[in-house]
Amino acid sequence: MADNTQKMSYQAGETKGQAQEKASNLMDRADNAAQSAKESVQEAGQQVMAKAQGAVEGVKNATGMNK
């Protein structure tokens, strides 16, 4: 009986450890995905700003304001 109880306790501990490891891995993946999304948004924002600056320069050149 005690042997069975010890075996069940061990298996419960194993299962708990595996669940914690899976949760940790999922959190790491979520963190990586969030960081990647943040970097993508920042890069897109920089591209939009560069295009807008280029458009402003184009208007200045077309209207003679850049001389």
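User: Hi! Of the 67 residues of the protein chain, what percentage count as buried?
Analyst: Of those 67 residues, 0% count as buried; buried means under 20% relative accessible area, exposed over 50%, and partly exposed in between, with a 1.4 Å probe and protein chains only. This is a predicted model, where local features need pLDDT of at least 70, side-chain atom pairs count only at pLDDT 80 or more, and totals for chains, interfaces and linings use all residues. Residues are numbered from 1 along each chain as its sequence is written, and side-chain values use heavy atoms, with hydrogens and water left out.

User: Thanks! How many helices and strands does the protein chain have?
Analyst: There is 1 helix and there are 0 strands. Helices (H or I, at least four residues) and strands (E, at least two) are DSSP runs, numbered from the N terminus.

User: And what does the C-alpha trace span along its principal axes?
Analyst: The trace spans about 95 × 10 × 5 Å.

User: Let's zoom in. Where is Ala37, and is it buried or partly exposed?
Analyst: Ala37 sits in helix 1, which covers residues 2–63. Ala37 is partly exposed, because its relative accessible area is 42%.

User: What separates the C-alpha atoms of Ala37 and Ala50?
Analyst: Those C-alpha atoms are 20 Å apart, with the two residues 13 apart along the chain.

User: What about Gln6: buried or exposed?
Analyst: Gln6 is exposed, since its relative accessible area is 54%. Gln6 also belongs to helix 1.

User: Which distance separates the C-alpha atoms of Gln6 and Ala62?
Analyst: That separation is 84 Å, for residues 56 apart along the chain.
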